Amino acid sequence: MMRIDIISCVPSLLESFFAHSILKRAQQGGHAEVVLHDIRDYSVNKHRTIDDYAFGGGAGMVLQIEPIARCIRALQAQRNYDEVIYLTPDGELMEQKMVNQLSLKGNLIMLCGHYKGVDQRVRDLFITKEISIGDYVLSGGELAAAVLADAIIRLVPGVLNDETSALTDSFQDNLLAPPVYSRPSDFEGNIVPEILMSGHEAKIEEWRYEQSVKRTRERRPDLLK
Ligand code: ADE
């Protein structure tokens with residue numbers, strides 16, 4: 001059972017994402033649980049403020065340490081967490097190997113930043129892992145947390161079945177996935193490769209492997225090194 005607690009100042013952004021499709025099934029099947037937390041609920045004053053100006057000046061508000069500390073501590077008082085992850089463009093670049101490792105954990109916290117980020121002391125005191133989902137800047141960490149949680153949860157044993165198996169994913173063996181086809185076999189003269197309809201399993205596997213290598217060499221030669 002994988003439990004992911006996501007801490008955000010706009011948790012409603014994430015609600016519908018986790019309420020659908022494979023992620024919904026994973027939760028209904030008891031394989032995974034995603035719990036959203038609103039930083040504002042942990043504010044230390046009656047105005048429910050969570051951000052303030054940066055010391056030293058400069059543009060942009062900073063998420064303050066107190067509400068976040070209270071939220072993380074409240075969670076840690078209830079169970080042990082394997083990682084407390086902060087989603088940030090200056091974190092370690094997310095890739096499949098990292099996702100595979102995280103999918104073997106039990107409890108994870110993900111903290112989403114906003115504005116100019118969080119007070120550095122949050123990172124120093126509470127965060128065990130900082131992850132970026134790519135070299136571009138999003139307006140908040142919510143989409144990044146959704147991307148990371150999705151990639152993790154689909155790997156939790158029992159979430160996928162044979163039909164949706166992760167074993168044939170792109171990147172699992174450092175190769176991109178081969179092309180796939182479905183009916184009709186002829187769309188306006190565009191024909192499905194004959195081998196796929198031959199019923200010859202070994203030949204089909206060989207073809208798929210060759211296509212994977214070809215695709216990887218053409219599109220992502222860096223993966224073959
Ligand atoms: N927050 C803003 N941009 C991000 C990124 N690229 N990865 C993770 N978190 C982010």
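This is a predicted model: local features need pLDDT of at least 70, side-chain atom pairs count only at pLDDT 80 or more; totals for chains, interfaces and linings use all residues.
Begin by selecting the five strands of the open sheet, which come in the order E2-E1-E6-E5-E7 and pair in parallel. At the edges are strand E2, residues 32–38, and strand E7, residues 129–132; each of these pairs on one side only. Going from one strand to the next, the twist averages 30°.

Now select E5, residues 83–93, together with E7. The two strands run parallel and are joined by five bridges. To see a facing pair here, show Leu87, which stands opposite Ile131 in E7.

**The helix across the sheet**

Helix H3 lies across E1 (2–8), E2, E5 and E6 (107–112). Relative to E1, helix H3 runs at about 165°.

**The ligand**

Which of the 13 residues come nearest? They are Thr88, Ile133, Gly134, Tyr136 and Leu138.

- Tyr136: a backbone N or O atom lies 2.8 Å from a nitrogen atom of the ligand.
- Ile133: a backbone N or O atom is 3.0 Å from a ligand nitrogen atom.
- Thr88: a polar backbone atom is 3.2 Å from a nitrogen atom of the ligand.

Switch to a surface view of the ligand. Taken alone, the ligand exposes 270 Å², and the protein buries 96% of that. Colour the shell by element: E5 and E7 are the elements that give two or more residues to it. The largest share, three residues, comes from E5. Then colour the shell by residue class. Eight of its residues are nonpolar and five are polar, while none is charged.

**Two backbone details**

Most residues other than glycine have a negative phi, and most peptide bonds are trans.

Select Ser21, which lies in helix H2, residues 21–28.

Pro184 lies in the loop between helix H6 (142–153) and strand E8 (186–187).

Note on methods: Residues are numbered from 1 along each chain as its sequence is written. Side-chain values use heavy atoms; hydrogens and water are left out. Two strands pair if DSSP finds at least two bridges between them. Helices (H or I, at least four residues) and strands (E, at least two) are DSSP runs, numbered from the N terminus. Axes are lines fitted to C-alpha atoms, for helices over the stretch in contact, and angles run from 0 to 180 degrees between N-to-C directions. Contact means heavy atoms within 4.5 Å. A residue is near a molecule or strand if one of its heavy atoms lies within 4 Å of it. A polar contact is a pair of N or O atoms within 3.5 Å; within protein, one must be able to donate a hydrogen and the other to accept it, and residues adjacent in sequence count only if both atoms are side-chain atoms. Accessible areas come from the Shrake-Rupley method with a 1.4 Å probe; for residues, only the protein chains shown count as cover. Ala, Val, Leu, Ile, Met, Phe, Trp, Tyr, Cys and Pro count as nonpolar, Asp, Glu, Lys and Arg as charged, and the others, Gly among them, as polar.
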